[in-house]
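Biologist: I would like to learn how to read strands, sheets and a chain contact in a model. Could we go through them in turn?

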Amino acid sequence: MPQLAKPLPPEDRLVLLPKNPGLFFIFWQFSESRADAFRTASFSPEIELRVRYAEDKTAAAAHKAQWLAGRAYLPVPERGGNCEAALYALRNGVWERLLESNQAAAPAAAGMADERACASLEFHKKVLS
Amino acid sequence: MSSRGSLMFVLHAHLPYVNHPEDSAFLEENWFFEAVVETYVPIISVLERLASEGIRPGVAVSISPTLGAMLENEALEDKLVLYVESRLELIEKELERAQDDPALLKTVKFYQKLYEDAAALMHKYSGDLITPLKALQYAGQIEIITTSATHAVLPLLARPEAVRAQLAAAAEDYEERFNRKPSGFWLPECAYEPRLNSYIKLSGFNYIFTESHSLDSAEPQAPGGVYSPYRTSNGLGLFARDAASSREVWSAKFGYPGDPAYREFYRDLGYDGDYEYVRPYLGSDGIRRPLGLKYYRITGPGADLSAKEYYDPEAALLRVEAHASDFLAKRMKQTDDFYASRGSRPLIVSCYDAELFGHWWFEGPAFLEAVIRKIRAERLPLQFILPSEYLNSCQEPPEITPGSSSWGENGYFDPWVNETNDFIYPAVYAATDKMIETANRFRNQDLSMLNSRALNQAARETLLAQSSDWAFLLYIGSHAEYAKGRLEAHAANAIKLLGEVIEKKVDEQALAALEQQNSVFPRLDFRVFASVSKF
C-alpha cells in the first residue's frame with residue numbers, strides 16, 4: 001500500500017469524504033498524546049467508526065478498524081445523504097469519543113454505468129502514458 | 001434559415017503547474033510543450049482563421065489558472081522556443097532521411113508545417129498565447145471561463161475555507177489575466193455537489209457545467225433533461241453536458257478518434273528511431289520518450305503497433321469532413337426529435353478537454369473547424385452560442401438542485417479517491433488545516449514584508465497540494481513518483497513556511513527559491529484561506 005515518504009505532524013484529525021454512492025472514504029490521525037495512549041495500550045488497538053445521519057443525528061452504522069490503519073472505506077448507510085462520523089476508542093471497558101468528522105454528502109446513484117462519462121480517464125490514460 | 005436548436009461547445013484547457021527553472025530539460029515540462037504545439041496553437045489558429053473570415057466560432061474556452069500561468073511564464077516560453085527549434089532541426093534531418101520514401105516524406109513535411117506554424121504564432125504574440133485568446137474574447141468571438149485555482153476536485157475539499165480559497169484565487173487570477181470579471185466556472189472534472197452552489201455564486205460566478213447524470217437525481221426533476229439550462233436556488237446558472245455528442249468525440253473505441261485513417265498516438269519516432277539518431281532530442285536522462293513525430297495511422301481496430309501503416313494527412317482530412325457531417329447530422333436529429341416531442345428548441349452542450357483536440361486526437365482541431373464551417377456553408381438550422389449569451393437571452397431557467405457527480409470513471413469521485421492515491425489526503429488536509437489556522441491567526445496583524453511573503457507562498461503551496469492532478473496520476477500509474485513527490489513537497493513547503501512564520505525565523509533564501517519555482521498567483525493574499533474571508 002503506497003505511503004507518504006515522510007511522517008506528518010502529529011495532529012488529531014478525522015475526515016470523511018464522498019467516493020461514490022456506495023462508499024465513503026475516511027482517514028484519521030492522532031496527536032502525540034493520543035498516539036501514545038494507543039502505543040502504551042491505554043486504549044485498545046481496535047477503534048470504532050460510528051456513522052450517523054447529519055440531519056437528525058440518528059445512528060446509521062458502526063465499523064471496527066485498527067487505530068494504526070489510519071484510513072478505511074465505509075459503506076454509505078441505507079438512507080444516504082449527508083453523514084458524519086465519530087471515532088471511538090475503548091479504555092477500561094468504556095468507549096470514548098476521540099474525534100469527530102466533517103459532514104460529507106453521499107452521491108445518489110444515477111443513470112446507467114455505461115452511460116456515465118469517463119472522459120478524463122480515457123484521455124489521460126493515452127496522453128500521460 | 002432560423003435555428004432549430006443551439007450548440008454550445010466548451011473546451012476545457014488544463015495542465016498541472018509544472019515549472020522547473022532549475023533543469024533545462026525537465027521531462028514533465030514536455031506536457032506543456034506538446035500541448036502548445038499540438039493543441040493550443042492549432043485551436044487558436046482555427047479560431048483566428050474563422051473570425052477573420054467573418055465566421056464566428058462561438059466556442060467557450062476554459063483556461064485553468066495553472067495553464068494560464070504557464071502560458072505567461074517567460075522561462076517556459078524560452079524553453080518552448082528551444083523545444084520547437086529542436087523539433088524543426090530534427091525534422092530537417094527527417095526530410096533527408098525520408099527522401100526516398102514519398103509516403104513518409106509527405107508526413108514529415110506536414111510536421112514541418114505544424115512546427116513552423118507554432119513558431120510563427122508564438123513569434124507573432126511574442127510567446128504569450130493568452131494575448132490572442134483575450135483578443136478573441138474582446139471581439140465577442142469566444143467566451144473564456146476559468147476553473148478552480150489548481151484544478152482541485154471541490155467535493156473532496158471538506159473545509160469551506162479551502163473551497164472558497166480555490167474559487168477566490170481563480171476569480172482574481174482570471175480578472176488579472178483577462179481584464180474582466182469571470183462569468184463562467186468550469187468545475188474541475190465536472191465534479192459537483194450541491195453545497196458548492198453558494199460558494200461559487202458568492203465568488204462572483206454566474207454559471208457552471210455539470211455531468212449529464214447529475215440531472216438523474218436532481219430535485220425537483222429536470223424538466224428539459226440535458227437540453228435545457230437550469231438555475232440553482234441561489235441563481236447560479238447550470239448547463240448539463242450532453243453525453244451523446246461527447247461520447248462520439250471522446251471514445252477511442254466508439255468515437256471518431258478511433259478511425260483507421262487517423263494518426264496513431266503510440267507510434268513515435270522517440271521510440272521507433274535509432275537510439276543514437278534520436279538521442280540528442282531526448283532529455284538529459286537519455287530515456288526514450290515521445291518526440292511528437294508520429295508517422296503511422298491507427299490502421300484498424302486492434303492492429304498491433306508493429307503492423308501500423310503510414311499516416312496520410314490528406315486521407316485523414318477526408319475522414320474529418322465525413323465525421324463533421326456525421327456529427328452535425330446527429331445533432332440535427334437530436335434537435336428535430338426534441339422539437340417534435342417538446343415543441344421547443346433544445347440546447348446541446350458538448351464539453352471536452354481541449355487537449356483531446358490535437359494532442360491525442362490529432363485531427364481534432366480540423367474537426368472543430370469543419371463543424372463550424374459546415375453550419376454556415378450548408379445553412380444548417382443550428383447555431384453555436386456562448387453560455388453567457390444563452391443565459392442572457394433565454395427565459396428564466398427552471399430551478400433544480402442537481403445530484404453529486406463528475407465526468408470521471410464511474411461518474412463520481414472514484415478516480416481521485418481509491419487505494420492507489422488515498423494516502424495523499426492526510427498530507428493535503430495537514431497543509432490545508434494549518435493554512436486556515438495560520439491565516440486566521442495572522443489575518444488582522446501587521447506583518448513584516450518577509451512574513452507576508454512567507455504566508456502568501458504557503459497559500460500557493462497549499463493550493464498546489466490540493467490539485468486533482470496528483471491523485472489522478474497516481475491512479476493511472478503514470479508519472480506516479482513525480483505526482484507523489486510534488487504533492488508531498490507542496491504540503492511540506494506549506495507546513496514548513498507556516499511554522500517558520502509562527503516561530504519568527506523565515507529562511508529568506510529558501511522562500512525566494514520557492515517563490516521562483518512555484519510562482520503561480522503572484523498577487524495571492526494568504527487571507528483567502530481565513531475562515532471569514534475578506535474577499
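Modeller: Start with a definition: two strands pair if DSSP finds at least two bridges between them. Keep in mind that this is a predicted model.

Biologist: How many bridges join strand 5 of chain B to strand 7 of chain B, and do they run parallel or antiparallel?

Modeller: In general, strands of a sheet pair through backbone hydrogen bonds, in either a parallel or an antiparallel sense. Here strand 5 (residues 207-210) of chain B runs parallel to strand 7 of chain B, and four bridges join them. Within this pair, I208(B) is opposite L238(B).

Biologist: Which strand of chain B pairs with strand 7 of chain B in the antiparallel sense?

Modeller: That is strand 6 (residues 230-231) of chain B, over two bridges. L238(B) takes part here too, as the bridge partner of Y230(B). Strands 6 and 7 of chain B form a hairpin with five residues between the strands, and G235(B) has a positive phi near 85° in that hairpin.

Biologist: Which way do the residues of strand 7 of chain B point, and are they buried or exposed?

Modeller: The general idea is that side chains in a regular strand alternate between the two faces of the sheet. In strand 7 (residues 237-240) of chain B, G237(B) and F239(B) point one way, while L238(B) and A240(B) point the other way. All of them are buried.

Biologist: Now chain A. In what order do the three strands of its open sheet lie?

Modeller: The order is 1-2-5, with antiparallel pairing. Strand 1 (13-20) and strand 5 (71-75) of chain A are the edge strands, each pairing on one side only. From one strand to the next, the twist averages 25°. Strand 1 of chain A is joined to strand 2 (residues 23-29) of chain A by seven bridges, and V15(A) has F27(A) as its bridge partner in strand 2.

Biologist: Which helix packs on that sheet?

Modeller: Helix 14 of chain B does, touching strands 1 and 2 of chain A. The direction of the helix makes about 125° with that of strand 1 of chain A.

Methods:
Residues numbered from 1 in each chain as written. Chains lettered and ligands numbered in written order. Predicted model: local features only at pLDDT ≥ 70, side-chain atom pairs only at ≥ 80, totals over all residues. Buried ≥ 20, exposed ≤ 12 C-beta atoms within 10 Å, placed from the backbone. Axes fitted to C-alpha atoms, helices over the stretch in contact; angles between N-to-C directions. Contact = placed C-beta atoms within 7 Å.
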